[in-house]
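Subject: Structure for you to look at

Hello,

Please find the structure below, followed by notes on what was found in it. Keep it open while you read.

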Amino acid sequence: MVGQQQDIQINTDVGFMRRCIQIAKNALGKTAPNPMVGAVIVLNNKIIGEGFTSAYGGAHAEVNAISGVADKTQLSHATLYVTLEPCSHYGKTPPCADLIVKHKIPRVVIGLKDPHEKVAGKGIKKLQDAGCDVVTGILAKECREHHKRFLCFHEKKRPYIILKWAETLDGFIAPEEQERTKNPEPYWITTPLSRQLVHKWRSEEQAILVGTTTVLADNPKLDTRLWNGNLPIRLVIDKDVKIPPNYHVLDGNQKTIVFTSTSVNTTEKPNVMYIQVNFNDNLAQEICEQLYILNIQSVFIEGGTKTLQTFIDAELWDEARIFKGPVTFKTGITSPQITGRLVKSQTVDKDQLIILQHD
């Protein structure tokens with residue numbers, strides 16, 4: 001009988017933690033550099049409060065969940081479920097662990113320990129020292145997947161990197177340069193629905209990166225005009241400062257960081273920062289180190305083959321999202337060469353989307 005009761009409790013914990021992950025997805029693309037946490041408060045197997053992390057600078061998930069409980073006296077008999085260890089330090093908001101202790105919540109179920117050096121078990125200890133029954137590791141694998149950007153940044157000291165490109169049925173990502181010069185109109189490989197999905201993806205990451213060739217060939221805006229979402233920071237690799245000042249990436253409408261091999265006066269262009277890096281060594285690693293310093297936790301790379309292959313060869317990538325459109329070029333710029341673990345293959349309108357993971 002005791003064993004059966006334990007199984008029921010575990011199944012209950014799993015169900016409520018799954019709800020935490022579900023609501024936490026509402027914060028995707030809005031909370032960085034904070035993690036997108038989900039929290040649920042349960043009394044007698046019923047949810048009495050839930051919340052997810054507000055946009056950066058706002059309330060954390062635990063605060064929003066507690067605020068949603070109408071009768072605060074219920075908290076002293078409730079269980080709090082949360083995808084990541086409650087913080088124990090002062091940042092832009094007070095420690096969540098202190099708030100939990102203040103309301104005398106007796107049981108706290110945590111998906112993952114927070115790897116951030118300012119937390120890293122201190123939140124759990126604070127709760128335990130106050131007499132809380134703390135359970136950890138519920139749906140840990142799913143919580144790790146959900147918090148992959150935050151965890152990569154703090155564990156690997158670099159941003160989570162997503163590669164994206166579209167290729168034709170015969171393996172090209174763009175026509176030959178002379179063909180583009182002769183016929184300068186856009187050469188779409190994918191359908192409008194796939195292109196809208198890409199803009200949604202852009203809104204979910206902190207930054208988007210391209211190389212010089214892509215900018216000069218396409219003059220992209222790198223915005224989210226096809227989706228109602230946050231604008232990513234534009235990252236541009238421009239070794240010899242070739243990009244003309246009238247190009248979209250330098251218009252100042254979005255924060256933009258340009259990586260160059262030479263020092264550039266940054267006061268001339270509003271909202272544009274130039275960072276000098278060493279192009280002779282491992283460029284991908286150099287860029288990752290700079291992005292870590294800048295507290296950028298995720299990057300969506302939409303560059304051409306050269307830029308994408310630079311990160312692939314350096315083994316500095318986590319996901320690859322590859323569209324294969326129903327067109328052929330016969331000749332052109334070949335797509336990057338990559339191997340990874342297939343995690344998804346699906347049809348998007350007339351396109352095939354393949355998602356690989358780098359293990």
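Valine 241 counts as partly exposed because its relative accessibility is 32%; buried means under 20% relative accessible area, exposed over 50%, and partly exposed in between, with a 1.4 Å probe and protein chains only. Valine 241 has a positive phi of about 55° although it is not a glycine, and it is found in the loop between S9 and S10. Helices (H or I, at least four residues) and strands (E, at least two) are DSSP runs, numbered from the N terminus.

Before going on, note that this is a predicted model, in which local features need pLDDT of at least 70 and side-chain atom pairs count only at pLDDT 80 or more, while totals for chains, interfaces and linings use all residues. Residues are numbered from 1 along each chain as its sequence is written, and side-chain values use heavy atoms, with hydrogens and water left out.

Most residues other than glycine have a negative phi, and most peptide bonds are trans. Leucine 222 has a positive phi too, near 55°. Leucine 222 sits in the loop between helix H9 (212–218) and strand S9 (233–237), and it counts as buried because its relative accessibility is 3%. A cis peptide bond joins alanine 32 and proline 33, with omega about 10°. Proline 33 is in the loop between helix H1 (2–24) and strand S1 (38–43).

Next, the sheet. Nine strands, 9 in the order S11-S10-S9-S8-S12-S6-S13-S16-S15, form an open sheet with mixed pairing; two strands pair if DSSP finds at least two bridges between them. At the edges are strand S11 (272–276) and strand S15 (341–348), each pairing on one side only. On average, neighbouring strands of this sheet are turned by 20° against each other, direction ignored. The axes are lines fitted to C-alpha atoms, for helices over the stretch in contact, and angles run from 0 to 180 degrees between N-to-C directions. Strand S10 (residues 256–260) runs parallel to S11 and is joined to it by 5 bridges. Phenylalanine 259 has isoleucine 275 in S11 as its bridge partner.

Two helices lie across strands of the sheet. Helix H6 (residues 148–156) lies across strand S6 (160–167), strand S12 (298–301) and strand S13 (319–324), at about 120° to S6. Helix H8 (residues 192–204) lies across several strands, including strand S8 (207–211) and strand S16 (351–357), and runs at about 165° to S13.

What does the largest nonpolar core hold? It has 38 residues, of which Met17, Val40, Ile41, Leu80, Tyr81, Val108 and Leu127 touch the most other members. Such a core is a set of buried Ala, Val, Leu, Ile, Met, Phe, Trp, Tyr and Cys residues joined through side-chain atoms within 4.5 Å. Among the elements that each supply at least two residues are H1, S1 and H6. Leucine 80, leaving aside neighbours within four places in sequence, is in contact (heavy atoms within 4.5 Å) with residues including Ala39, Ile100 and Val109. A second, separate core of 32 residues includes Val277 and Phe279.

How many disulfides are there? A search of the whole structure finds 0, a disulfide being a pair of cysteine sulfur atoms within 2.5 Å. For cysteine 132, the nearest cysteine sulfur, that of cysteine 96, is 13 Å away. Cysteine 143 has its closest cysteine sulfur in cysteine 20, at 7.7 Å, which is too far for a bond.

Regards
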